Amino acid sequence: MDVDRAITERRTTKRYTAEEVPEEIVRELVELATWAPNHKMSAPWRFRLLGPDATRSLVDVAPPDKKPKMTLAPTRLLVSCKVAGDPTRRLEDLLATAAAVQTLLLAATGRGIDTFWQSPTVAALPAARGLLGIPDDEELVAVVNLGYSSADRTTPGRLPVDDVFEALA
Ligand SMILES: Cc1cc2nc3c(=O)[nH]c(=O)nc-3n(C[C@H](O)[C@H](O)[C@H](O)COP(=O)(O)O)c2cc1C
């Protein structure tokens, strides 16, 4: 799949088959994600594949209405950013980690893998951080849900390019 198609065909997907994405493919996606741009080459990103015990921890800690959202996909990757230094460095490292997440999503799309960038609200709860062993110097950026779907996905429209672009003289 070419890059333009991966960009437009990536879709937030919330219904998956039970088929897991093999760990070796997840590792491949993570390796590609680390090619994201990164000022000072700080490599701030960290990726944790959440196995059954880790997922159970999230389900246990989640408030009742959020429990089903912890297992939407068969495969989950927690992405965090090591934060250190002054506010500029911190912001740049977080931005680089977000770029790494998008890179990973596009690489997944290119392989026919469906994804969902989920806010790590539950994983960020102190109890969940403790159970997952997340160090205090890491800020959570995403839970990336991965899997395969046969369901139709809605395609949220985008603003016309003229609404978001101008060419300055
Ligand atoms: C930082 C970030 C956090 C997100 N968190 C959630 C979330 O917690 N729940 C959710 O339903 N979608 C979440 N999304 C996905 C957006 O809702 C989705 O990208 C948007 O609706 C556009 O749909 P598309 O990804 O199919 O283009 C998140 C996206 C980003 C970039």
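**Figure 1. E138 in β4 as the bridge partner of K82.** Strand β2 (75-82) and strand β4 (138-147) run antiparallel and are joined by 8 bridges, where two strands are taken to pair if DSSP finds at least two bridges between them. Helices (H or I, at least four residues) and strands (E, at least two) are DSSP runs that are numbered from the N terminus. The model shown is predicted, and local features need pLDDT of at least 70, side-chain atom pairs count only at pLDDT 80 or more, and totals for chains, interfaces and linings use all residues. Residues are numbered from 1 along each chain as its sequence is written. Another position of this strand pair is V79, which stands opposite A142 in β4.

Figure 2. A residue is called buried if 20 or more other C-beta atoms lie within 10 Å of its own, exposed if 12 or fewer do, and partly exposed in between, with the C-beta atoms placed from the backbone. Because 7 of the 8 residues of β2 are buried, this strand is largely enclosed by the rest of the structure; β4 is also mostly covered, with 8 of its 10 residues buried. Strand β1 is joined to β2 by 5 bridges, and the two run antiparallel, with F47 having V79 as its bridge partner in β2. Strand β3 is joined to β4, again by 5 bridges and in an antiparallel arrangement, and here T115 stands opposite L146 in β4.

**Figure 3. The largest nonpolar core and its most connected members.** A nonpolar core is a set of buried Ala, Val, Leu, Ile, Met, Phe, Trp, Tyr and Cys residues joined through C-beta atoms within 7 Å. The largest such core holds 36 residues, of which V79, V101, L104, V144 and L146 touch the most other members. At least two residues of this core are supplied by each of α2 (23-33), β1 (45-49), α3 (52-61), β2, α4 (87-110) and β4, and α4 gives the most, with 8 residues. When residues up to four places away in sequence are not counted, V79 touches W45, F47, T97, V101, V141, A142 and V144, contact being defined by C-beta atoms, placed from the backbone, that lie within 7 Å.

**Figure 4. Helix α4, its span and its cover.** This helix has 24 residues and reaches 35 Å from its first C-alpha to its last, close to the 34 Å expected at 1.5 Å a residue; the expected span is 1.5 Å times one less than the number of residues in a helix. The buried residues of α4 are D93, A96, T97, A100, V101, L104, L105, L106, A107 and A108. What covers these buried residues includes α1 (3-9), α2, β1, β2, β3 (114-118) and β4. The helix is followed by G112, whose phi is positive, near 80 degrees.

**Figure 5. K40 and M41 in the loop between α2 and β1.** K40 has a positive phi near 70 degrees in a residue other than glycine, and M41, which is not a glycine either, has a positive phi of about 50 degrees. K40 counts as exposed because it has 11 C-beta neighbours inside 10 Å, and M41 is exposed, with 8 other C-beta atoms within 10 Å.

**Figure 6. Two threonines in loops, T17 and T154.** T17 is found in the loop between α1 and α2 and, with 13 C-beta neighbours inside 10 Å, counts as partly exposed. Leaving aside residues up to four places away in sequence, T17 touches G147, Y148, S149 and S150, whereas the C-alpha atoms of T17 and P160, 143 residues apart along the chain, are separated by 34 Å. T154 has its place in the loop between β4 and α6 (161-164) and, with 7 C-beta neighbours inside 10 Å, counts as exposed. The C-alpha atom of T154 is separated by 24 Å from that of A100, and the two residues are 54 residues apart along the chain.

Definitions and conventions: Contact = placed C-beta atoms within 7 Å.
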